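Subject: the structure I promised

Hi,

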Amino acid sequence: MIPREVAASVADACGSAVADVARVGGGDINEAREVKLEDGRCFFLKFHPEGDPAMFPAEARRLKWLADAGTLSVPDVVSTSPPDPAVP
């Protein structure tokens with residue numbers, strides 16, 4: 001499961017409620033989940049209940065920087081919490 005406030009943030013960002021959640025590896029120091037939405041889309045979710053609020057927006061900016069270079073395959077960031085206007 002994921003905390004209720006995380007599920008609400010996912011639903012707000014994606015426009016669809018969370019239908020199913022499964023624990024997966026790959027979160028490093030964070031919690032990692034595969035999230036399936038009611039509309040059928042599936043995402044990789046990272047969250048940290050006590051993490052620095054700037055951590056995920058900073059990671060998203062760095063992933064965008066890597067993607068813009070065009071030399072590596074990096075995941076698309078759908079949203080961060082708190083939202084970062086620098087991340088599309």
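A quick word on one term before anything else: by a polar contact I mean a pair of N or O atoms within 3.5 Å, where one must be able to donate a hydrogen and the other to accept it. Please also keep in mind that this is a predicted model.

I'll begin with Arg33, where that term comes in. The side chain of Arg33 reaches the backbone oxygen of Met1 at 3.3 Å. Arg33 also has a side-chain partner in Glu31, through a polar contact of 3.1 Å. Is Arg33 buried or exposed? With a relative accessible area of 4%, Arg33 counts as buried, because the cut-off for buried is under 20%. Arg33 sits in strand 2. Leaving out residues up to four places away in sequence, the list of what Arg33 touches includes Met1, Ile2, Val21, Ala22, Phe43, Phe44 and Phe47. Arg23 and Val24 are on that list too.

Three strands make up an open sheet, in the order 1-2-3, with antiparallel pairing. Strand 1 (18-23) and strand 3 are the edge strands; each has a single partner strand, so one side of each has no neighbour in the sheet. From one strand to the next, the twist averages 30°.

Looking at the pairings one at a time:

- Strand 1 and strand 2 run antiparallel and are joined by five bridges. Arg23 stands opposite Arg33 of strand 2, and Val21 has Val35 in strand 2 as its bridge partner.
- Strand 2 and strand 3 are also antiparallel, paired over six bridges. Here Val35 stands opposite Phe43 of strand 3.
- The hairpin of strand 2 and strand 3 has four residues between the strands, and Gly40 in that hairpin takes a positive phi near 100°.

Now for helix 1. What covers the buried residues of helix 1? Strand 1, strand 2 and strand 3 are among the elements that do. The buried residues themselves are Val6, Val10 and Cys14. They span an arc of only 55° around the axis, which puts them on the same side of helix 1. On the face turned away from the buried side, helix 1 carries the exposed residues Arg4, Glu5 and Asp12. After helix 1 comes Gly15, which has a positive phi near 75°.

Val10 lies in helix 1 and is buried, with a relative accessible area of 11%. Setting aside neighbours within four places in sequence, Val10 is in contact with Gly15, Ser16, Val18, Val35, Leu37 and Leu45. Val10 and Ser79 are 69 residues apart along the chain, yet their C-alpha atoms are separated by 8.3 Å.

Which residues form the largest nonpolar core? There are nine of them: Ile2, Val6, Val10, Cys14, Val21, Val35, Leu37, Leu45 and Phe47. Helix 1 (4-14), strand 2 (31-37) and strand 3 (42-47) are the elements that give two or more residues to this core. Helix 1 gives the most, with three residues. As a general rule, in soluble globular proteins nonpolar side chains tend to be buried together.

One last stop, further along the chain. Thr80 lies in the segment after helix 2 (55-69). Thr80 is buried, with a relative accessible area of 9%. Not counting residues up to four places away in sequence, Thr80 touches Phe56, Pro57 and Ala60.

If you only click on two residues, I'd pick these. Arg33 is buried and has its side chain in a polar contact with that of Glu31. Val10 is buried as well, and belongs to the largest nonpolar core.

Cheers

How values were computed. Residues numbered from 1 in each chain as written. Predicted model: local features only at pLDDT ≥ 70, side-chain atom pairs only at ≥ 80, totals over all residues. Heavy atoms only, no water. Core = buried A, V, L, I, M, F, W, Y, C linked by side-chain atoms within 4.5 Å. Buried < 20%, exposed > 50% of the residue type's maximum accessible area, 1.4 Å probe, protein only. Contact = heavy atoms within 4.5 Å. Pairing = 2+ DSSP bridges. Axes fitted to C-alpha atoms, helices over the stretch in contact; angles between N-to-C directions. Arc of directions from axis to C-beta.
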